[in-house]
Amino acid sequence: MRWSDLLRMSISSLRRRKLRTFLTVLGVVIGTASIVVMISLGLGLQQSMYEEVEQNGGTTSLTVTGKTGDGMMMSYSYGTDGNMEEESQKYITDEVVEELKGLKHVKSANPVLNVSALALKGRYIGYLDLYGMTPEELEARNIELEPGGRLPDPDSAELELVFGNAVLTNFYEESTGRGYWETGEMPDIDLKTDQLFLILDQDAYYSAQEPVSSGPTEGGDGSGTEVSSPKAPKKYVVHACGVVAGGMEAYNANSYYVFCDIDKLRSFLQKEFRGRAIPGQPATRSGKPYSQFVYSSASVQADDMENVEELANTIRSMGYNVSTNIEYINSMKKQFAMVQGVLGGIGAVSLFVAAIGIANTMMMSIYERTKEIGVMKVIGCSLRNIREMFLLEAGFIGFMGGVAGNILSFIMSAVINILVSGESMGVGGSLSYIPLWLVLTSMGFAVLVGMAAGYFPALRAMKLSPLAAIRNE
Amino acid sequence: MKKIISVKNLYKLYRVGDSCVRALDGVSFDIREGEFCAIVGTSGSGKSTLLNMLAGLEKPTKGEIVIDGCHIEKLKEDELVRFRRENVGFVFQSFHLIGTMNAVENVALPLTFRGEPRKQRMKKAERILELVNLTKHRKHMPNQMSGGQQQRVGVARALVSDPKIIFADEPTGNLDSHTSEDVMGLMQKVVREQGRTLVMVTHDDHLAEYADRVFHIIDGKIVKIEEKQKRKEGGHES
């Protein structure tokens, strides 16, 4: 028998009992739609996570930090006076960066210097989370700048800064101590054009302000280094060479940071803290600076996502702390797989119920058509054809349900996305995401379920005795 | 003439409760090619069982059936289906047309099972319908036709695949006497003109008059074989 004839016969017998077919298909529609929508929610979450990771430097980057108790990693605490002596401590120095560059699978390795600083502008004062990076590293970060902006020029004499789009929220009025978070008003500063005063030595600044006592001093540390002479720290005039794209509210991975060239930052720091320990730098017990300049971290790019873990282990065995996005991704992946499993499972239950419906419908259909099946067998319809006919019928129910279910899920997904984007939480992307493979898989799955549910009824039809048909009633 | 069906020592036993019923009790006979045979007996005489076994719908308990050189008692079910598809046409008592198909499609059904292309089988079916005088009704559904018309469609369906043998199980059982004559005349004509072998089961002696040979079967045994050499005339004189 030809496939076209099989198909024609199956469809015509489905059309014979339209209502029953419709109800059975409806079951599959609901089952498919619930699976697809559930999984699409999980995928949407995963998608937005990936986007975030991508903004954070992608999947191939590793951040290598030295192995100490504190100091290096915590940019806001400039108390390096706790633990400083051990020679066994691992610092990220130029040598180390060179060493990292020589490792297998490393595409590039660059030092990163992270310090916090104060910025003054008119009556405003603000905290800057200052990141010094090499030009290549800045390039690799894919920072999206407002039109007209550019990355810092390493050859410039000044310290050029790239401001995150939300940096201004960390500014407050010096006299009242009230900033954006209290007043809801943006400080009247245009980062793109205004010049700011940058203060690298915060301790000195606050010491100099001591009599004024500007509110609750940030980080009330009792570091007794500056007891001697509260001489005002040097204020550097800086200006921005670029601002990260996006308004004040738009959040991205670079929003709260300020970027600058690492060598510039380093030379400024060394100038400022000549003869003293630079905050964040390890010092010897006597308070003298460490013989070499120490960076906060090194940013390493692996050549391939596959090699990230191996590389991380290699660097760890060298005695450094490594954090990679891949570990984050892996753990998130596991979680998402579980979430999707649970969501998909809930959907699968309803598809399972639909499968029972299909089996029931097929059974009924076979009971009704016992005679017809028998006659076909007598006339010479092969057993295989009879089985195929019923499998096709069941599969077709599954297929129709799959198609309609997917259409329904697209509608539901669109509705969910519209509803959610109304109350946007600042999370980019959509909550529900239906990729093509999900459409195809769910369709195939629906057909498969239909055929599986129709298998035993079909087998039963195949085994019906032709005698039953021609026996006269 | 060549023997097309040869039955030897055929037994069929049914177990009913504790007792054993012999539906067929050692039946042997031959049917020649191009012959119109009638198997006549009262209900319960085993005539339908015999026909079912000839058509391979039932397995004999013992004995052998050779049709066209093929031992059909030894075939498996799917082989039997293929055998029927290629060699046998079937006419049923209650027509058994497929309710969702019109006359042509019903007639073309056996060809569908053979995998013939649609155009070709529709052409064949139309030709056969012409033969049974139903060209006018070719687009009618079974429930739009009278019993006689339906049975003629049934006969057409049995003929369309060009089978060597046609089995008919009480073909006129559900028809009134007038249409019965009609259908019988048609079947007789077809067998004579096309040289086919027809095996018919009936309980009606009168209908058996159309046949060339009549097997009388009582309690599972063939008790008498009547030869009617004077073909056409025989039908009305007796």
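In chain B, strands E4(B) and E5(B) form a hairpin with two residues between them, and Asp68(B) in the turn has a positive phi of about 55°. Helices (H or I, at least four residues) and strands (E, at least two) are DSSP runs, numbered from the N terminus. The model is predicted: local features need pLDDT of at least 70 and side-chain atom pairs count only at pLDDT 80 or more, whereas totals for chains, interfaces and linings use all residues. Residues are numbered from 1 along each chain as its sequence is written, and chains are lettered from A and ligands numbered from 1 in the order in which they are written.

Strands are taken to pair if DSSP finds at least two bridges between them. E4(B) (residues 62–67) pairs with strand E1 (residues 3–16) of chain B in the antiparallel sense over five bridges, with Val7(B) opposite Ile65(B) in E4(B). The pairing of E4(B) with E5(B) (residues 70–71) is also antiparallel and has two bridges; here Val66(B) stands opposite His71(B).

In chain A, helix H1 (residues 3–16) has 14 residues and reaches 20 Å from its first C-alpha to its last, close to the 20 Å expected at 1.5 Å a residue; the expected span is 1.5 Å times one less than the number of residues. Asp5(A), Met9(A), Ser10(A) and Leu14(A) of H1(A) are buried (20 or more other C-beta atoms within 10 Å of the residue's own, with C-beta atoms placed from the backbone). Helix H10 (residues 370–379) of chain A has eight of its ten residues buried and is therefore largely enclosed by the rest of the structure. Among these buried residues are Lys371(A), Ile373(A) and Met376(A). Gly380(A), which follows H10(A), has a positive phi, near 120°.

A nonpolar core is a set of buried Ala, Val, Leu, Ile, Met, Phe, Trp, Tyr and Cys residues joined through C-beta atoms within 7 Å. In the largest core, of 114 residues, Ile39(B), Val107(B), Phe167(B) and Val199(B) touch the most other members. Helix H2 (residues 18–55) of chain A supplies the largest share of this core, ten residues. Apart from this core lies another, of 61 residues, including Val96(A) and Phe171(A).

Between the chains, 23 residues of chain B are in contact with 22 residues of chain A (C-beta atoms, placed from the backbone, within 7 Å). On the side of chain B that touches chain A, helices H2 (77–87) and H3 (103–114) of chain B each supply at least two residues, and H2(B) gives the most, with six.

Note on methods
Two residues are in contact if their C-beta atoms, placed from the backbone, lie within 7 Å. A residue is buried if 20 or more other C-beta atoms lie within 10 Å of its own, exposed if 12 or fewer, and partly exposed in between; C-beta atoms are placed from the backbone.
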